[in-house]
Amino acid sequence: MGKDVIVACDFSCAAKTLEFLDLFRERKPFVKIGMELFYAEGPDMVRRIKDRGHKIFLDLKLHDIPNTVRKAMAVLSRLDIDMCNVHAAGTVAMMEAALEGLVRDDGTRPLLIAVTQLTSTDQERLEKDLLIREPMKEVVMHYAQNAKSAGLDGVVCSPLEARTVHNACGNGFLTVTPGVRFADSDKGDQKRVMTPAQARLEGSDYIVVGRPVTAAADPVAAYEKCVKEFCL
Ligand code: C5P
């Protein structure tokens, strides 16, 4: 499995997104479309970005009863996306239903991964807000094992947990890791962060990078720096 950098296009509208993507003339980044952009522009945004030659991770983090998620995934499977996700907290039954819904008529499907714990959640919030008393690494590992038993392809976790997940679920089980910051950049609301180079050492398969690229003075240079540190 080749390593790649996924750029989180957390923009409010199509115009801002396409203006940003226009900057990338040589290498077309793997693009993450999240809730803000998808809710603003709908499925057409997926088609427009795909037509420009980008791979797409549709990050809608579904979490509902299994029947609802199965049907929602069947709708999303009609889009030409490469990866999508659910919350592992929705249970094994919900993840199995998501996988069933995602398989297209021709038998193909996008990669399906599960969010373990958001990278904005730290141990204190885990205990106080969610009443989960186990250490973060154990919670992430348990959720990853649930995702694997449901047949999913991998998880979203912090790069700090990538090695633990691979040890528990095997190296072929994907770790997609947001919470990436350059050594000198602002953490923002992220708590469990690492640099692209550290994420590589920890064995992440994909890093998801948003503001360190989208808000950089030179986004292409920031993206290339991520690629150089993480992939090469
Ligand atoms: O700007 P930043 O690099 O923090 O963006 C990270 C992206 O990854 C955001 O789009 C966020 O929604 C997403 N994400 C995350 N933590 C997760 C799952 C997704 O930060 N566990």
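**View 1. Strands S7 and S8 pair in the parallel sense over two bridges.** Strand S8 covers residues 206–209, and Ile-207 in S8 is the residue opposite Thr-177. Two strands count as paired if DSSP finds at least two bridges between them. Helices (H or I, at least four residues) and strands (E, at least two) are DSSP runs, numbered from the N terminus. Between S7 and S8 the chain passes through helix H9 (residues 196–201), and this β-α-β crossover is right-handed. Right-handed here means that, with the strands pointing away from the viewer, the path from the first strand over the helix to the second runs clockwise.

This is a predicted model, in which local features need pLDDT of at least 70 and side-chain atom pairs count only at pLDDT 80 or more, while totals for chains, interfaces and linings use all residues. Residues are numbered from 1 along each chain as its sequence is written, and side-chain values use heavy atoms, with hydrogens and water left out.

**View 2. Strand S7 (residues 174–177) is covered on both faces.** Leu-174 and Val-176 lie on one side and Thr-175 and Thr-177 on the other, and all are buried. Buried means under 20% relative accessible area, exposed over 50%, and partly exposed in between (1.4 Å probe, protein chains only). In a regular strand the side chains alternate between the two faces of the sheet.

**View 3. Strands S6 and S7 run parallel, joined by three bridges.** S6 spans residues 154–156. Gly-154 has Leu-174 in S7 as its bridge partner.

**View 4. Eight strands form a closed barrel with parallel pairing.** The order is S1-S2-S3-S4-S5-S6-S7-S8. From one strand to the next, the twist averages 25°. Lys-32 stands opposite Phe-57 in S3.

**View 5. Helices H4 and H5 pack at an angle of about 25°, with their axes 7 Å apart.** Axes are lines fitted to C-alpha atoms, for helices over the stretch in contact, and angles run from 0 to 180 degrees between N-to-C directions. H4 (residues 66–76) and H5 are therefore roughly parallel to each other. Angles under 35 degrees count as roughly parallel, over 145 as roughly antiparallel, 65 to 115 as roughly perpendicular and the rest as oblique. The crossing of H4 and H5 is right-handed; a crossing is left-handed if the near helix is turned anticlockwise from the far one by less than a right angle, and right-handed if clockwise. Residues of H4 that meet H5 include Val-69, Arg-70 and Met-73, and those of H5 include Ala-97, Ala-98 and Leu-102. Contact means heavy atoms within 4.5 Å.

**View 6. Helices H5 (residues 92–102) and H7 (residues 136–149) pack at an angle of about 40°, with their axes 9 Å apart.** That angle makes H5 oblique to H7. H5 passes H7 in a right-handed crossing. Val-92, Met-95 and Glu-96 in H5 meet Asn-146, Ala-147 and Ser-149 in H7.

**View 7. Lys-61 and Thr-91 each have a positive phi.** Most residues other than glycine have a negative phi. The phi of Lys-61 is about 45°, and Lys-61 is in strand S3. For Thr-91 the phi is about 90°. Thr-91 is in the loop between strand S4 (83–87) and H5, and is partly exposed, with a relative accessible area of 43%.
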